[in-house]
Amino acid sequence: MNSKEFLLQECENVRATLQDVLRHDYAAGSSQEFYDEFCERLEVLESILEPTDPTDVSTLGTFAKEISLLSTLVHRVERSHAGEFPWPFTEYLQDLAEPLCMENLAQNEGKPIIRVYAEGGLFSYQINLEDDLSVLNIGRRIFTIVFPHTLRHHVLLHAIFGHEIGHAAWTIPQHKSDLKGKVLEPLRAVGPLNSTSQATAWLKDTKAPPPILELRDQYADEYSEITLNQLDSWFQEFMCDLFGLVTFGGSFLAAHQTLLLALDPSGHRWGPYHPPYVCRKAMLWHACKHLGWPNFPSDISDTKLRSDIEAFVTEYCGSPPGPWEDIFTQDQVAQAVDALKDLLTQVGTSCFSMPDESILLPLVRMLREQIPPCGSDLSGSENPANRNVDFRHILFAGWIVADELAGQNNDAGKGGQFLVLNKLCEMGLLQQRAIDRYKAAKEGGTS
Amino acid sequence: MTLLSMYKRDDSRTVYRILAEEAVKYLDRPGASKKRKIIFTNLARLLERYRYDAFSYDDAPGILEVFKPQGENQPAEHASTHHKTSSDVILALEAAHTQVYHSLSKQDLVENLKVLLAQLAASKVPDDQNTKAGLAKARVFFETLSERLRKRSA
C-alpha cells in the first residue's frame with residue numbers, strides 16, 4: 001500500500017469513527033452543525049487527494065497532517081457528550097464568545113462551531129482554535145474547549161475561560177489589529193517590559209523579590225533571559241487576563257487566583273508563554289481600581305453582604321503591588337481596559353458590571369440555604385415573577401459564599417463544601433437558562 | 001516514545017498553492033459544490049489576514065500550562081510553531097497583488113476579491129461585463145499566487 005492509498009483508507013477510517021461516535025447523546029445545539037462540517041471536510045479532502053500524483057511527496061505530507069487533524073477532532077468530540085461538561089455554563093460561554101469570534105466571511109462560514117469536552121489534569125484548561133494557516137480544509141472553524149476532567153462541574157473555576165475568550169478573539173484578523181493597536185500598545189509603551197533588553201535587566205534586578213533570586217540561582221538556563229517571542233506571548237497573556245476580568249468580572253479574579261496560586265504557590269514562576277503571576281495580579285489590581293470595584297461594598301446596605309464583599313475585594317482585588325512586580329502604571333492599564341471594553345461593546349459581547357444589591361442579595365441567600373441561585377421567584381405567589389439574572393452574577397454570588405464558608409470550620413470539610421457550591425451554581429445556571437428562554441419566547445424573541 | 005518525530009514544517013505554502021490552483025479551476029468552470037465553498041472560504045480567510053497583516057499564528061497554550069510537570073502530555077506542536085508567520089505566503093501574496101492589481105490598495109483588493117469569492121461560493125455571479133472582467137483578473141491573481149508558491153515549493 002503506498003502513501004496515497006493509505007491516506008485514502010484512513011479517510012474511510014475517520015468516516016467510520018464519526019459514525020461510531022453518534023451512538024452517544026450530545027447536548028442540543030451544535031451536533032448537527034459539527035457533523036455537517038466534518039463530513040464536508042472529509043469529502044473535500046478525499047476529492048483533492050484522489051487526483052494527486054502518488055509521487056508528489058510535498059502534497060501527500062500535507063494531506064497526512066490534515067487527515068490526522070480530522071482524526072484528532074473526531075476523538076475530541078467523542079468526549080463532548082452530555083454529562084461530560086456543565087452544558088448550561090457552556091451555553092452562556094458560547095453566547096459571550098460567538099459575537100466576538102465571528103469571522104468577516106460570507107454567509108454562515110464566519111460563525112464558529114463550539115464543542116466542549118473534559119480531559120486531562122488540572123493543567124488542561126484550554127481552547128483549541130483551528131488557527132493554523134497551514135491547514136487546508138476548514139469551512140467553519142471548530143473551537144474545542146477543554147475542562148480538566150476532575151473539575152468538569154466546577155463552574156466557579158470555569159470563569160477562567162474569560163481568559164481563553166481573549167485568545168479566541170486574537171485569531172480574528174480585524175480584532176487582532178485593534179487589540180494590538182489599542183490594548184497592547186498602551187501596555188507596551190513604557191515600563192520594564194518595553195524591550196527584551198529592559199525585560200532581561202528587570203529579571204536580573206538585584207532588588208527582585210527573594211523567590212525570583214532563588215529561581216535565577218537554581219535554574220539559570222531558563223530564568224536568565226527574555227526573548228522577543230516570549231515577550232510577545234507574555235503580553236498576549238496580560239491582554240487575555242484583561243479579557244477575563246472585563247467579561248467575567250469578580251468570578252474571574254477569584255478563579256484566576258485560586259487556580260494559578262494552587263499550581264504555583266509563590267506566584268513568581270514564569271515560562272516561555274506566561275509571565276509571573278504576581279505581575280498579572282498587579283495589573284489586575286490596577287484594572288479593578290480603574291473599574292471602581294474596591295468601592296463597590298460601599299453601595300451595599302445589607303451589613304453581612306457588605307462585609308462579605310469587602311472580604312472578597314481584599315482577597316482577590318488585593319493590595320497595592322510591590323515595586324518589582326508593578327510593571328504597568330495605572331494609566332497604562334486604564335487605557336487598555338477602556339479600549340477592550342469599547343471593542344467588546346462594538347461587537348456585541350457584554351462586559352461584566354457589578355450587580356445591584358437587589359440582584360446579588362437573593363442569590364447569596366439562596367446559596368446559604370443550599371438552593372440553586374437563580375432568578376426564580378420563591379415567594380409562593382400564584383403568579384411567580386421570575387426574572388433575568390446575568391449568569392456572571394450567579395458565579396459572583398457563588399464565590400462570595402465560597403469564601404464565607406472557607407472562613408468557617410465545620411465537619412463537612414471545605415473541599416466538599418466547595419464542590420456542593422459549584423453543583424448548586426451549576427443547577428442555578430440550568431434553571432436560569434430556562435427562565436431566560438421562557439422570557440425570550442414570551443417577549444417574542446428567539447429561544 | 002512516539003513512533004516518529006520530525007521537525008515541524010510550515011505547510012502553509014503547499015496549502016495555499018493547492019487552494020489557489022483549485023480556485024483557478026473553479027473560476028474556469030463555475031458551478032455550485034460543497035468543495036468550492038470550503039476552498040473559497042479558506043481563501044477569504046487568507047485575504048482577511050493579508051488585509052490586517054495578521055499572519056502570526058499563535059497556538060495559545062492553556063492558561064495553566066506553564067506549570068505542567070514533565071510526563072503530562074505536552075501539546076506536540078507548541079515549541080516550533082509558535083509565532084509562525086508563513087512568510088512565503090505573504091511574499092507571494094504581495095507579488096501577485098502588485099503584478100495583477102498594481103496600485104490598488106490592500107483594502108480594496110481584499111474587498112473586491114472577497115465579494116467575488118462569496119458570489120462564486122453561492123453560485124450567484126452577476127452576468128455583466130464588470131463582473132466578468134473582475135473574474136478574469138481574479139483568475140490571473142490566483143494563478144500568479146499559485147505559481148509563486150509553486151516556485152518556492154520546488
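1. Let's start with a term: two residues are in contact if their C-beta atoms, placed from the backbone, lie within 7 Å. Helices (H or I, at least four residues) and strands (E, at least two) are DSSP runs, numbered from the N terminus. With that in hand, look at helix α5 of chain A: its buried residues pack against α4 (87–101), β2 (126–128), β3 (142–147), α6 (173–189), α9 (228–248) and α10 (250–263) of chain A.

2. A bit of housekeeping. This is a predicted model, where local features need pLDDT of at least 70 and side-chain atom pairs count only at pLDDT 80 or more, while totals for chains, interfaces and linings use all residues. Residues are numbered from 1 along each chain as its sequence is written, and chains are lettered from A and ligands numbered from 1 in the order in which they are written.

3. Back to α5(A), residues 161–170: how many of its residues are buried? It's 10 of 10, among them F161(A), H163(A), E164(A) and W170(A). Here a residue is buried if 20 or more other C-beta atoms lie within 10 Å of its own, exposed if 12 or fewer, and partly exposed in between.

4. Next, the core. A nonpolar core is a set of buried Ala, Val, Leu, Ile, Met, Phe, Trp, Tyr and Cys residues joined through C-beta atoms within 7 Å. The largest one has 149 residues, and L156(A) and L242(A) have the most contacts inside it. Helix α11 (residues 277–291) of chain A gives this core its largest share, 10 residues. Leaving out residues up to four places away in sequence, L156(A) touches residues including S251(A), L395(A), W399(A) and C425(A).

5. Chain A also has an open sheet of 3 strands, in the order β1-β3-β2, with mixed pairing. Strands pair if DSSP finds at least two bridges between them. β1 (113–118) and β2 are at the edges with a single partner strand each, so one side of each has no neighbour in the sheet. β1(A) and β3(A) run parallel, joined by 6 bridges; A118(A), for one, has F147(A) in β3(A) as its bridge partner.

6. Chain A is assigned domain 1 (3–153), domain 2 (173–347) and domain 3 (357–442), with bounds that come from an automatic or database domain assignment. The C-alpha centres of domains 1 and 3 of chain A lie 34 Å apart. Their contact takes 6 residues from domain 1 and 7 residues from domain 3.

7. Don't skip chain B: it has 6 helices and 0 strands. Of its 154 residues, 39% count as buried.
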